[in-house]
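Below are my notes on the model you sent. They take the points in turn, starting with a convention on helix angles.

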Amino acid sequence: MKDIREDIAWAKINQDVMKSLENPRPMYWVILFFAALVLAVGIGCEVYQYRTGMGVANLDNPHVWGLYIGTFIFWIGMSHSGTLLSAILHLMHADWRKPIYRFAEAMTTFSLMTAGLFVLMHLGRLWQFYYAVPYPNERWAWPNFQSPLIWDAMAMFTYLSSSVLFLFIGMIPDIAIARDNMHSGWRKKLYTLLALGWEGTDRQWRNFRMTYLTVACFLIPLAVSVHSIVASDFAVSQQPGWHVTSFPPYFVAGALYSGCAAIITLFIILRYVFKFEDYMTLPILKKVVRLTFAIAMVWTYLNCVEFASVWYSHDAASKGVLIQKMTGAYAPFWWAMIFCGSIVPLIFAVKRFQTNIPVIFATSLLMNLGMWLERWMIVSPTFSHGYYPWTWDHDQWPSMIQWGIVFGSFGWFTLLFMVFCKMFPSVSMYEVKEMVYHRSLHLKQNGTPVEQTVEQGVH
Amino acid sequence: MSVTNLLDNWAEVRHFHPIDDKPHDPYKWAMSIDLDACIGCNACAVACYAENNLPVVGREKFQHGQVMHWMRIERYWNEDDREFPDQGAEFLPMMCQQCEAAPCETVCPVGATNHTQDGLNSQIYNRCIGSRYCSANCPYKVRYFNWYDYPTTDNVWPAEMNYQLNPDVTVRGKGVMEKCTFCVQRLRAAEVTAKGEGRIVREGEVQTACQQSCPTNAISFGNLVDPESRVYKQWKAQQVDLAKDEQEKDKQEGGSDLRGYRILEDLRTYPSVMYLERVRESAV
């Protein structure tokens, strides 16, 4: 099977993608409604927590972090695969990424925004958050540059601003198409503004390519560094179960894993909601599934590395945490994480399931659940089995308020993402055309030889 | 505000090892607690509540683990194989260990917790934004977070109880971290008085609230660099060196008969509190 049909006309590509800006299936509105509902619950919980105090989350004194930090890592992690698809695979000339990288990049941006919310609302004094920003002030008081939280804030902000830039730059030619095809109204004005006067001249294309490539190169080290720095929040600390050298690569692998799983979920949803069956094809899905499978195995391997190094380190405290994870109060969640993260993806080893949409959809949700559990299992068990015996067997379970905010973040993400997909072309029109063009060239080459000049003109 | 300024300031507050730090001149406040003398009466904890305006959070929040006891008495059973009352109850008063290389200080994003020149681990309530990273990284788990707004909405001190509050200590609002300060308000008052008289604080001139209220004198507190102080003598006698992560006496074959030890010393936190081990009959 082919990644994309070679005989799709360029006009049809424009038409199909432009249709997604106008009339999606009714399911779109259902999703939007539920996302808004869930977000409203989250906002309600946050307002209550803000007014009353962090205690309503049922965090307590030795156990000061909980689902908030776990879910924060989850959202940061999810943001990594967008960059993998759009920047890394771009440099590797994997052209099957072309129809799907746009929404993956949007996912990156919005999940980073969601993660940013968690950093803020987790603070005890949210209204003083700017103390953590190095701004000039009359007291000459700086943030503590030694703290991984500061590295975190800076890495995230850099990553967020570059991802927004990257997403926007990649969209310029498509926004121009939208501008030219949109009936007059506020949206046409918006596209006109955002298209930056794009006309598709040779010079513009040349500059565009250079810029896009440069930003892509700039983004790749960021994608690795951001989650490594999030990992340092834990690895730099002194606590058993966190103080693990392999945490940065482990976190990056986990990030790519959960990101790929999320891409699969969104792939299937978008394909249905916006009728993208011709572009988000099964062969492409199969490639993503295989990529996810490979990353799942890397993650499983790194898990084993971590367990083995803890086990053979003969560090009683770290070992205690590991044993407590496996057998203590958190054991059901820990084993669920192993099941969802390492066992469930094995289903993709069977070829038949690599293109079975219901199976893939269910599996991707389970893998995401597993990755979310993983983050929670990194954060919480250490608090209930640290160095100091007073904290041992001190379980803490999140309150409904804490669950509500975590739940609400999913609504926030879905809302932003769905609105984006209806506002902007979520399939890259110009790159799909490129892809179709290359394929058809290939066909012609097999038949009659093609003139050199034509091929040069493409690049 | 230049980069130089930033680098200079930073270099001043951060150190690699306490030995490289400025000498504790003329004060290094430290403590020693004799577990053999401790009877677990909790008087120290109560005194701490009174001295430092700690909120009494009530039954429900206590059950949720949101209690604010800067000083807590922990109970351990030393002789698990025996029946009560010979089970070997042991009490351990635990409070901030005022580490010389405190794990909490390096991780605070805003630098709200710092080291003072007299060897205290200070907490600046006004600067704290409540990220709780300090507590997450504290090996002793002795930091307490204000989960609610105790003074106002929770109304821990109703109007008629206002006079009960210690005027020398702030009342903390919601969202900030707090912990034992070694009764810094008393230390500062004594230091200022002594400075006015052109001398240093004499042994016995200043006491912490817990020390003052201990019926068995289990707690000694004083200036570790003053050879006249009881704390200095005890640390010396027990051969416990502040700047070591493993004491010479413990390196000997078969260990040492001396009772002095510091908790989780090998984590290189260099705590300022020395405990004197309880002597058990079975061990003699």
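1. Helix axes here are lines fitted to C-alpha atoms over the stretch in contact, and angles between N-to-C directions run from 0 to 180 degrees. The model is a predicted one.

2. On that convention, helix 6 and helix 7 (residues 186-194) of chain A pack at about 145 degrees, and their axes lie 8 Å apart. The crossing of helix 6 of chain A past helix 7 of chain A is left-handed.

3. Which residues make this helix contact? From helix 6 of chain A come A:Ile175, A:Ala178 and A:Arg179; they meet A:Lys188, A:Tyr191, A:Thr192 and A:Leu194 in helix 7 of chain A. Sorted by class, the contact has 4 nonpolar, 1 polar and 2 charged residues.

4. The contact between the chains involves 38 residues of chain A and 41 residues of chain B. On the side of chain A that touches chain B, helix 6 (residues 148-181) of chain A gives the most, with 3 residues. That side of chain A divides into 19 nonpolar, 17 polar and 2 charged residues.

5. Chain B contains 9 helices and 10 strands. Along the principal axes, its C-alpha atoms fill a box of roughly 60 × 50 × 40 Å.

6. The radius of gyration of chain B is 20 Å, which agrees with a compact globule, because one of 284 residues would have a value near 19 Å. Of the 284 residues in chain B, 42% count as buried.

7. Among the contacts in chain B with a separation of 6 or more, 61% join residues 24 or more positions apart.

Conventions
Residues numbered from 1 in each chain as written. Chains lettered and ligands numbered in written order. Predicted model: local features only at pLDDT ≥ 70, side-chain atom pairs only at ≥ 80, totals over all residues. Contact = placed C-beta atoms within 7 Å. Helix = DSSP H or I, 4+ residues; strand = E, 2+ residues; numbered from the N terminus. Nonpolar A, V, L, I, M, F, W, Y, C, P; charged D, E, K, R; others polar. Rg over C-alpha atoms; globule rule 2.2 N^0.38 Å. Buried ≥ 20, exposed ≤ 12 C-beta atoms within 10 Å, placed from the backbone. Left-handed = near helix turned anticlockwise from the far one by under 90°.
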